[in-house]
Amino acid sequence: MTTDEVLAGVGPRLRQMRKEREVTLAALSETTGISVSTLSRLESGLRKPSLELLLPIARAHQVALDELVGAPPTGDPRVRAKPIVMGGRTHWPLTRQPGGLQAYKVLEPRRSLEPDPRTHEGYEWLYVLSGKLRLVLGEHDVVLTAGEAAEFDTRVPHWFGSTGEGPVEFLSLFGPQGERMHVRARPRKS
């Protein structure tokens with residue numbers, strides 16, 4: 001597919017994405033800071049897409065730029081995460097896109113630490129793969145075991161770590177601006 005063919009498909013894709021989300025041009029304009037007339041010209045193909053226009057639209061729809069423009073797949077889709085050790089924990093980043101939701105596989109070694117609850121902007125989701133994870137969240141002090149999940153607003157004082165009985169391996173999804181993970185139990189009917 002040529003660059004011109006990819007660019008020609010952007011307008012209809014933008015319109016379809018906006019309509020699927022039931023967003024008006026005026027609402028998208030308010031969110032992105034792009035005028036209604038420019039958005040309309042982009043969707044109709046009368047305005048050539050540029051990064052300055054597409055980046056705020058991608059952010060507003062919470063999609064990767066590649067998805068927005070319908071770029072052909074490039075290379076191997078596997079994420080080859082390099083482990084990062086922070087505070088004794090090993091983190092494997094599972095997402096490549098900066099900003100937005102971030103996913104990590106985390107290995108917390110067996111150790112007994114005194115909980116030190118903290119707060120910050122964002123929203124977090126945890127899923128225990130193996131072992132036991134102690135979660136202190138506000139007034140709650142719970143132990144999650146393999147197959148259990150927790151989600152919470154990170155503005156609530158929180159801390160999580162090993163119970164001291166052994167290592168724990170878990171997945172962490174974190175939205176820095178309070179984004180939440182959306183799980184659909186079954187596909188929507190067409």
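Predicted model: local features only at pLDDT ≥ 70, side-chain atom pairs only at ≥ 80, totals over all residues.
Student: What makes a stretch a helix or a strand here?

Tutor: Both are DSSP runs, numbered from the N terminus: H or I over at least four residues for helices, E over at least two for strands. The chain has 6 helices and 9 strands.

Student: Why is Ser-112 called exposed?

Tutor: Buried means under 20% relative accessible area, exposed over 50%, partly exposed in between (1.4 Å probe, protein chains only). Ser-112 has 65% relative accessibility, so it counts as exposed. Ser-112 sits in the loop between strand E3 (102–108) and strand E4 (123–130). Its C-alpha atom is 8.4 Å from that of Gly-161, 49 residues apart along the chain.

Student: How much of the chain counts as buried?

Tutor: 33% of the 190 residues.

Student: How do you know that E3 and E9 pair?

Tutor: Two strands pair if DSSP finds at least two bridges between them. E3 and strand E9 (residues 168–175) are joined by 7 bridges and run antiparallel. Pro-93 faces Tyr-104 in E3.

Student: What makes the sheet open, and which strands stand at its edges?

Tutor: The open sheet has 6 strands in the order E1-E2-E3-E9-E4-E7, with antiparallel pairing. Strand E1 (84–86) and strand E7 (149–153) are at the edges; each has a single partner strand, so one side of each has no neighbour in the sheet. On average, neighbouring strands of this sheet are turned by 25° against each other, direction ignored.

Student: Why is the pair of Trp-125 and Tyr-127 called stacked?

Tutor: Rings of Phe, Tyr and Trp (its six-membered ring) pair if their centres lie within 6.5 Å; planes under 30 degrees apart count as stacked, over 60 as edge-to-face and the rest as tilted. The search of the whole structure finds 2 aromatic pairs. Trp-125 and Tyr-127 are 6.1 Å centre to centre with 5° between the planes, and the pair is stacked. Trp-125, at 19% relative accessibility, counts as buried. Tyr-127, at 28%, counts as partly exposed.

Student: What makes the pair of Phe-160 and Phe-170 edge-to-face?

Tutor: The ring centres of Phe-160 and Phe-170 are 5.7 Å apart and the planes are at 90°, so the pair is edge-to-face. Phe-160 is in strand E8 (residues 158–162) and Phe-170 in strand E9, so the pair ties together parts 10 residues apart in sequence.

Student: How do you know that Phe-160 and Phe-170 are buried?

Tutor: Phe-160 has 10% relative accessibility, so it counts as buried. Phe-170 has 0%, so Phe-170 counts as buried as well.

Student: What makes H2 and H4 a contact?

Tutor: Contact means heavy atoms within 4.5 Å. Residues in H2 including Leu-14 and Arg-18 meet residues in H4, among them Leu-42 and Glu-43.

Methods:
Residues numbered from 1 in each chain as written. Heavy atoms only, no water. Axes fitted to C-alpha atoms, helices over the stretch in contact; angles between N-to-C directions.
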